[in-house]
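Q: Please provide a close look at one part, the surroundings of the ligand, and then connect it with the remainder of the chain. Which residues come nearest to the ligand?

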Amino acid sequence: MAVAQFDAVAERMGLDEGLRQVLRTCKREFTVNFPVRMDNGSTRVFTGYRVHHNEARGPVKGGLRFHPSVTLDEVRALAMWMTWKCAVANLPYGGAKGGVVVDPRALSTSELETLTRRYTTEISMLIGPEKDIPAPDMGTDARVMAWIMDTYSMHHGHSVPGVVTGKPVSVGGSSGRLEATGRGILYIVQEATRYFGMPLEGATVAVQGFGNVGSVAARLLCQAGARVVAVSDSRGALHDGHGLDVDAIAEHKRAGRYLPDFHPGDHITGEEIVALPVDVLIPAALEGQIHGRNADRVAAKLIVEGANGPLTPEADRILAEKQVLVVPDILANAGGVIVSYLEWVQDLQSFFWEEDEVNQRLHRLMTRSFHDVLAASEKEGVSMREAAYMLGVSRVVEAVQARGIYP
Ligand code: NAD
């Protein structure tokens, strides 16, 4: 899918065949099979990957995934998407991704730590603040990033915080990182509603998925004056036309409970949330949630993709016909990688900013990216998704051409 998407953009841009070959393939692909001593004394061999797609624009950056279904092909595709995503945000990075084939929930904490440290050691020739900077993804978190940073630092004889991002603040993490993706969604909604001439004050919003991204976006949108009238989780959805008490719902979720047990509010099904007559719909749960069978029921004017790939290509087509503005994931949920970049910059200079300063910089970078993509979409007469890919690819092409082919 990643290659097909790239080929379509390359065709539209008229890229020459040599450049297409360079960008269609990943530059470096590393597979490692490594042993881990388990708590019961047995030894298990795990498989891990780290892939660098393209480093023309700078060191590579991308998440590390611990999941039983990780494959080399998946890691390659995710690395390529990271290249375009970093370029759309105009960050000085290329794209990378890593993964270990493991179910982290089936390991004890000490097994998880041993696995992380051994994997880090195995890929240590690839990573580093000037080379490749991993970050959390599915199945990994700030604790795993701290173990990677510590392992790498032990090998170098001094602390190297800039080797990973998404770390705890106590070891060089950035304030504002946890909320960054949801906050980025707020900034995009602000710009997109302004573009429509629609006041955000009083605008109605439905948020699908009330996890890290969805709950932060919902809370910040309420604070900005919008009316969040519906939210959903994996078990159900809540609706109240007068606006939901998002803070109380977040408190309820933090206690480990689900939306069907929350009162007040009308309980609706997760499927119904997609069809509510709202101004803004934010799918922030899983991929493929809006598809050929429900896209024609969407009544929102604006969709901001919090999740990765929440719309299928069929849904994209139907929504374009309905003239719904879709702000694509590669732009809308870039807040996380942007604040990762700001974390890395703070680590390199050993000088840390207050959260306000981080948020201001995030705001500048998100709004600039939004307007860059919007301008490209208007100039080329294409959707914002196509425009974002074209912009990302063209920035990488420019860097590849400026550097030339070595030797
Ligand atoms: P999360 O696990 O914190 O939250 C996911 C939420 O979705 C949960 O509330 C879950 O109950 C809900 N959910 C699951 N299935 C659902 C369904 N069928 N209908 C409605 N809700 C459902 O995850 P997250 O970190 O908030 O990530 C959400 C999405 O955003 C993912 O696609 C992720 O790849 C993407 N994303 C996250 C970040 C980040 O910084 N966390 C950055 C970029 C992209």
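A: Helices (H or I, at least four residues) and strands (E, at least two) are DSSP runs, numbered from the N terminus. This is a predicted model, in which local features need pLDDT of at least 70 and side-chain atom pairs count only at pLDDT 80 or more, whereas totals for chains, interfaces and linings use all residues. Residues are numbered from 1 along each chain as its sequence is written, and side-chain values use heavy atoms, with hydrogens and water left out.

Around the ligand there are 18 residues, of which Thr 181, Asn 212, Val 213, Ser 234 and Asn 308 come nearest; a residue counts as near when one of its heavy atoms lies within 4 Å. This shell comprises 6 nonpolar, 11 polar and 1 charged residues. In that division, Ala, Val, Leu, Ile, Met, Phe, Trp, Tyr, Cys and Pro are nonpolar, Asp, Glu, Lys and Arg are charged, and the others, Gly among them, are polar.

A backbone N or O atom of Asn 212 lies 2.9 Å from a ligand oxygen, that of Phe 210 lies 3.2 Å from one, and that of Gly 306 lies 3.5 Å from one. The protein buries 68% of the 830 Å² that the ligand exposes when taken alone. Such areas come from the Shrake-Rupley method with a 1.4 Å probe, and for residues only the protein chains shown count as cover.

Val 231 belongs to the largest nonpolar core, which has 86 residues, and is among the members that touch the most others, together with Leu 23, Trp 84, Leu 221, Ile 282, Val 304 and Val 327. Helix α14 gives the most to this core, with 11 residues. A second, separate core holds 24 residues, including Leu 64, Leu 115, Met 149 and Val 160. A nonpolar core is a set of buried Ala, Val, Leu, Ile, Met, Phe, Trp, Tyr and Cys residues joined through side-chain atoms within 4.5 Å. Buried means under 20% relative accessible area, exposed over 50%, and partly exposed in between (1.4 Å probe, protein chains only).

Elsewhere, Ser 340 in helix α12 (residues 335-349) is buried at 2% relative accessibility. The side chain of Ser 340 makes a polar contact of 2.8 Å with the side chain of Thr 165. A polar contact is a pair of N or O atoms within 3.5 Å; within protein, one must be able to donate a hydrogen and the other to accept it, and residues adjacent in sequence count only if both atoms are side-chain atoms.

The peptide bond from His 263 to Pro 264 is cis, with omega near 0°, and Pro 264 sits in the loop between α8 (246-254) and β9 (266-268). A cis bond likewise joins Tyr 406 to Pro 407, and Pro 407 is in the segment after α14 (384-403). Gln 323, although not a glycine, has a positive phi of about 60°; this residue is exposed, at 71% relative accessibility.
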